[in-house]
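Student: I am new to this structure. Could you take me through how its labels are decided?
Tutor: Gladly. Have a look first.

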Amino acid sequence: MEAPGRWDRTMRQRLVRGEAAALGELYDRYASLVHGLAHRVLSEEHAAAQVTHDVFARVWERPERYDPDREPLRTHLADLARTEAVRRLRQSETASPAGPCPGGEDGRAQAAEDRIREAAAAARADYIVTAMPAPLRAALRRAYFGRRDYRQTAADLDITEEEAARRLRLGLQLLATAHDAPVPAAPGEDPR
């Protein structure tokens with residue numbers, strides 16, 4: 001199997017040449033990631049499926065917009081999915097009829113932006129967890145879902161307590177960056 005950077009470059013070249021098989025391989029490899037991120041933002045199966053379709057259509061139509069020197073293909077697709085899902089969420093928030101809201105129209109707009117920001121951060125956190133190295137992910141899962149402290153996590157994973165504490169600290173630092181990422185551009189703004 002090719003190294004990820006090399007695979008990304010080769011895939012971009014194949015997409016630029018218009019190889020339909022390359023799109024199929026890309027879809028097989030990353031559709032669940034794109035769909036999962038979209039579903040996390042939109043909480044609706046049909047909308048997430050439409051975002052997945054749109055993301056891969058965009059990559060097919062404009063493969064040259066991906067720069068393998070700037071980011072991995074996985075990250076590029078996750079960013080496209082998050083941007084498109086947030087765009088759709090904004091669209092549905094502004095189109096949906098709303099009842100009275102404290103603060104009037106400004107309050108309604110702020111509430112919608114808050115929901116969008118929360119959904120975007122949650123999708124980014126999901127991506128961070130799936131992209132982090134397996135040892136960090138395993139330690140976080142033990143600690144969070146298993147309600148284990150670092151000593152218990154160390155025993156469960158058969159590692160030193162110092163190593164367990166290091167993995168948990170690094171994993172939590174990575175997750176903390178989910179809120180630091182900018183929310184994708186509003187309609188009318190160019191996201192890239």
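Tutor: Start with a cut-off: buried means under 20% relative accessible area, exposed means over 50%, and partly exposed is in between. Bear in mind that this is a predicted model.

Student: Why does Tyr27 count as partly exposed?
Tutor: Its relative accessibility is 39%. That value falls between the 20% and 50% limits, so Tyr27 counts as partly exposed.

Student: Is Phe56 buried or exposed?
Tutor: Phe56 has 4% relative accessibility. The limit for buried is under 20%, so Phe56 counts as buried.

Student: What makes the pair of Tyr27 and Phe56 edge-to-face?
Tutor: The ring centres are 5.1 Å apart, and the planes stand at 65°. Rings pair if their centres lie within 6.5 Å, and planes over 60 degrees apart count as edge-to-face. So Tyr27 and Phe56 form an edge-to-face pair. Tyr27 lies in helix α2 and Phe56 in helix α3, so the pair ties together parts 29 residues apart in sequence.

Student: How many aromatic pairs does the whole structure have?
Tutor: Three. One of them joins Trp7 and Tyr30, with centres 6.1 Å apart and planes at 70°, so this pair is edge-to-face. Trp7 sits in helix α1 and Tyr30 in helix α2, 23 residues apart. Both Trp7 and Tyr30 are buried.

Definitions and conventions: Residues are numbered from 1 along each chain as its sequence is written. This is a predicted model: local features need pLDDT of at least 70, side-chain atom pairs count only at pLDDT 80 or more; totals for chains, interfaces and linings use all residues. Side-chain values use heavy atoms; hydrogens and water are left out. Rings of Phe, Tyr and Trp (its six-membered ring) pair if their centres lie within 6.5 Å; planes under 30 degrees apart count as stacked, over 60 as edge-to-face and the rest as tilted. Helices (H or I, at least four residues) and strands (E, at least two) are DSSP runs, numbered from the N terminus. Buried means under 20% relative accessible area, exposed over 50%, partly exposed in between (1.4 Å probe, protein chains only).
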